[in-house]
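Thank you all for coming. I would like to walk through one model with you, slowly, and I will begin with a question once the picture is up.

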Amino acid sequence: MARLTINGVVREVDAEPDTPLLWVIREQAGLTGTKYGCGIAQCGACTVHIDGAAVRSCSVPLSAVEPGQKIVTIEGLAPGGDHPVQRAWAQLDVPQCGFCQPGMIMASAALLAQNPRPSDAEIRAEITNICRCGTYNRVLAGIKLAAEGGQSGRG
Amino acid sequence: MTGDTHSARPTRRAWITGAAAAAGCFSLGFHVPFAPARGETLGAAPAAPEVNAWVVVRPDETVVIRIARSEMGQGTLTGLAQLVAEELGCDWSRVTTEYPTPGQNLARKRVWGDFSTGGSRGMRDSHEYVRKGGAAARTMLVAAAAKGWGVPPAACQVERGVITHAASGRSTTFGAVAAEAAKLEPPGDVVLKDPRDWTIAGKPLKRLDTLAKLDGSQIYGLDLTLPGMLNAAIRDCPVTGGTVKSFDAAAVSGLPGVKRVLQVGDSAVAVVADTFWRAKTALDALPITWDEGPNAAVSSASIAATLREGLDAPDAFVGNKAGDVEGALKGAAKVVEAVYGVPFQNHATMEPMNATAVWTPERCEVWTPTQNGEAALAATADAAGLPATRCEVYKIHLGGGFGRRGATHDWVRQVVLIAREMPGTPIKLIWTREEDMTHGRYHPVTQCRLRAALDADGNLTGLHMRISGQSILASIAPQRMVNGRDPVTFQGLNPSGPEAAIGYTIPNLLIDHAMRNPHIIPGFWRGVNLNPNAIYLECFLDELAHAAGQDPLDFRLKLMGAHPKHRAVLEAVADRIGWRTQPPEGVQRGLCQTMGFGSYVAGAAEVSVSESGALKIHRIVAATDPGHAVNPQQIDAQIAGSFVYGLSAALYGACTVKDGRIEQTNFDTYPVMRMDAMPAVEAIIMPSGGFWGGVGEPTIAVAAPAVLNAVFAATGKRVRQLPLRDTDLRRA
C-alpha cells in the first residue's frame, strides 16, 4: 500500500511500485481526466502537477512519488473548473476532440504559474504536448488570454 | 447554454429495461456513468415524448436534438443541432443533444438514416432530412397550440420556442404543448427556410461540447467503467497475415491481478486482469511464438519496387481521359517528367483503439468510440454469434477518429471475442500506443509518374498521370469497387461531378491507376486519396510552370477558364497572401488548389529555409468554398487543424515496413507536428451557395503542395518523395 495525496485527498493505493502514476491515478484513484496517449512521455496527455510542476505521469513510477508530495489532476485544478486557463479555453472554444486537452490545460497552467506573461516563443518552446486535431493556434491564444487575465496558475 | 453538461449523468437503464422486456431478453441493468458530450442516452431523460425522431421537448423547455453522426472533434454535434434548431425555431440556449443507438435505428427502420461519420459527409449528406425533421416538429408544435386555441396554425408565430397568436394576444411554449404535438400526425411535407434567413445555422456559435472537455469530466471510451469490469491488453501478430503458433500462459498467470490468458481469433493473444496496467505488464512478459505467414519478408523496398513496376505497366484502370496524350507527347516542344511518392501513414488518434463489451448467450452490448455505430453493431453481432437485434452498441465520444474508427471495427471484434470467453463479465480492451501504431489501417502507399507536353509557347497540351499502388476499397470495401476499379483512387481528378472534379482543362489527358496491393491494410485516412493526388498534380503543375518560364498562378489560371469555383478559391488565397507582391526578405511562396468532398479549397504558404536546411513555415492562407457554411467558427477550426494533420504527414510522417511489419511504434519514431512548428493560419470561408460540401477533410490536401511549392521557390529543390524530412534542404 502506498499513500498518495491527490487533489488534496489522501488515498491508500494498492499497486506494484513500478506502476506508472498515470495508471494509479486512473485505475486506483478513478480519476480518468488524466489520459493515456503514448506511455513514453512523448504526448503529454497524462500531464499532472506534482508540487506545482507539470509532470508526464505515464513515466513516473509510483515508487518515485515521495510521501507528502501534492499531486493535482485536471479534476482538482480549480473548483468549478474556473481556472483562468479553463476560462480562456471556454471563451475561445479551444478543444476539438478534447482528449489531449486535460494535459494541455495542466501544462499551460504550470507554465503560467512559473511565467505569468510568457512570450509566443516561450509558449511554443514550453508547450510540447501533441494534439492531432490541430488546436495549437487556439491553445497559444488561450494561454495568452489566460495570462492577460492576470491570474497565474495554481495547483 | 443550459449548463447541464456537467450534471447530466444519464443512464441507459430506462431504455435498456424497456427494450429488453420487449425483446424478451435480460437486462444487465448497469448504471453507466457517461454523458457523451452534452449528449444523453435515449430514454434517460424524464419521460417526455418525442415530437418526432429528431426532437424531444421537455416540460422545462429543454430541447433535446438527436444526432445520428459521431462527434470526434469536428463539431458535427453542434452543426447538426444548429440545422435542426434553425427550422424548429427553438431557443438555442435550451438545446442539448443525444445519440440514438444503432440498435434503435435498426428497430425503427433507420429513421435516423446513415450513422457513418466519414468522407466529410455530416452536413452535406444529412442537411436536408435533419432540417425537415426540425421543420416538421415545429409544424406539429404550432398545430398543437393552434388546436388548443381553436385558431388556424397559419395565424401563429414562433420565436425562440414561444408560440404566439397575435390576434388574440395568446402565447404558449414548446414545452407546454410538446405532449399534445407528439400525438398529431406528422406533416406530409414542409418548406425549409432560405439559408439567407438563417439565425442559428450559418452563425459562428460556440460548440455544445466544450465545457466537459475542460475539467476531465468528458468520458471517452478509454475512461468507461462498469461494475465488475475486467481489463484486457492484446497483442496481434506483428505481421499482417500471420497467426499465433503458441504462447505460454503459465508463465504469466500467477502475476498480480491476472485472470485469463487467451487466444483471440487466429492472430492475437490477450491477457485479462483486474487493471489494465497489470494486464499489459503480464502481456509484455508473455512468451508468444508467431507463424508470421507469407508476408514476413516484405519490406518498404520490396513494396516500392512493386509500385515502380506499376508505373510502366501496360494495363491500368482509367479515371479520366481526353484527347490523345501519346500524340501530344510526341508532338511536344518540351516533355517534362517526374515521379512522386507517398508512404503509409498511421491515423494516430490521441485516444488509442478501445472498446468495452459484455456478452451472454442471449445478448451482447458494446461501448466504443466509433465513427459508424451501425458498422460497429454489425461487427458486434458477427463476433458475438448473435443476431443484431440481440446486440447493442453505445457510441462514446471519440478521442479522434480521422477515418480509423469507421470502416473497420477490428478492435470491436477482438473485445467481443474476449467477452465471449468470459460470459457476463464486462471486458474493457485498450490497445497500447504500440499496438495502435503497428496495427493501423494506413493511408495507402502510392507512386505517381507524370509526363507532360508543353508547346513552343509553354502551354500545357497533354498530361499523363499514372498512379501506381494501393487501393483502399480493394482491401476493406470490395463491394464498392466498380468493375474491378477503385473510383476513390481518382479523388480530385475526376472529369466532372459534384464530389471531386479536376479544376483544369487539359486537351489531351490520361489519368490511370495500376493497382498494386501490398499486405499492409489500408484505410480511409483523413483526406483519403485527395491528399496524394493534390500533391502529385499541384506540385507537378508548379514544375511545369517553371519549365515553361511562367508564373505558377498564371500558368494554372490559363487552364481554369471552365472551372470558376476552383479558380475563385485559388485567386482568393493568391490575393490574401499577396502573390503579386514581393514576399518579406528571405521568404518564398507557394500555392495550390483542389476539389474534394464536395468543396473547393486552395492554400498558399510562406516559408523560409535556412542555410542549414531548416524549414520554417511562417504563414498559411487557406480558402474554402463549401457551398453553405453551417458554423464558420468550426470551419475555421477544421481548416487550421487540417494543416496540422496534413503537414505532420508531409514533413515528418512515414510508416515503413521491415520483415513484414510496421517499424514505427510510438510518437518517438512517428513524429507529428507540435506547437513549435505550427504556422499562423488565415482561413477564408467563402460559401457561394447552391451546393453542400464537406469541411473536415478537403483542406488537408492543399497543406503539403502549398508548402512544397514554396520550398522549391526557396531552395530550388523538389521534394517528390514524402516525408520532406528525408530530403536534404541544405544549400549546395
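In what order do the four strands of the open sheet in chain B come, and what kind of pairing do they have? This is a predicted model, so please keep that in mind as we look. In chain B the order is E1-E2-E3-E4, and the pairing is mixed. Strand E1 (50-52) and strand E4 (95-98) of chain B stand at the edges with a single partner strand each, so each of them has one side without a neighbour in the sheet. If you ignore direction, neighbouring strands of this sheet are turned against each other by 30° on average.

Let us stay with one pair in that sheet, where strand E3 (residues 63-66) of chain B runs parallel to E4(B) and is joined to E4(B) by four bridges. Within this part of the sheet, Arg66(B) stands opposite Glu98(B), which belongs to E4(B).

Helices also lie across the strands of chain B. Helix H2 (residues 76-88) of chain B lies across strand E2 (55-57), E3 and E4 of that chain, at about 125° to E4(B), while helix H4 (residues 127-149) of chain B lies across E1 and E2 of chain B, at about 115° to E1(B).

Now to chain A, where strand E1 (residues 2-6) and E2(A) run antiparallel and are joined by five bridges. Ala2(A), for instance, has Val13(A) in E2(A) as its bridge partner. The two strands, E1(A) and E2(A), form a hairpin with two residues between them, and in the turn Asn7(A) has a positive phi of about 55°. Strand E2 (residues 9-13) of chain A is hardly covered, since the count of buried residues among its five is zero.

Next, please find the helices H2(A) and H3(A), whose axes come within 9 Å and cross at roughly 125°. That angle makes H2(A) oblique to H3(A), and the crossing is right-handed. On the H2(A) side, Val85(A), Gln86(A) and Trp89(A) meet Ile105(A), Ser108(A), Ala109(A) and Leu112(A) of H3(A). The residues of this contact divide into five nonpolar, two polar and no charged.

Which chains meet, and with how many residues from each? In this model, 46 residues of chain A are in contact with 46 residues of chain B. Several helices of chain A each supply at least two residues to the side that touches chain B, among them helix H1 (21-28) and helix H4 (120-126). The largest share of that side, four residues, comes from H5(A), and by class the side has 23 nonpolar, 16 polar and seven charged residues.

Terms used
Residues are numbered from 1 along each chain as its sequence is written. Chains are lettered from A and ligands numbered from 1 in the order in which they are written. This is a predicted model: local features need pLDDT of at least 70, side-chain atom pairs count only at pLDDT 80 or more; totals for chains, interfaces and linings use all residues. Two residues are in contact if their C-beta atoms, placed from the backbone, lie within 7 Å. Ala, Val, Leu, Ile, Met, Phe, Trp, Tyr, Cys and Pro count as nonpolar, Asp, Glu, Lys and Arg as charged, and the others, Gly among them, as polar. A residue is buried if 20 or more other C-beta atoms lie within 10 Å of its own, exposed if 12 or fewer, and partly exposed in between; C-beta atoms are placed from the backbone. Two strands pair if DSSP finds at least two bridges between them. Axes are lines fitted to C-alpha atoms, for helices over the stretch in contact, and angles run from 0 to 180 degrees between N-to-C directions. Angles under 35 degrees count as roughly parallel, over 145 as roughly antiparallel, 65 to 115 as roughly perpendicular and the rest as oblique. A crossing is left-handed if the near helix is turned anticlockwise from the far one by less than a right angle, and right-handed if clockwise.
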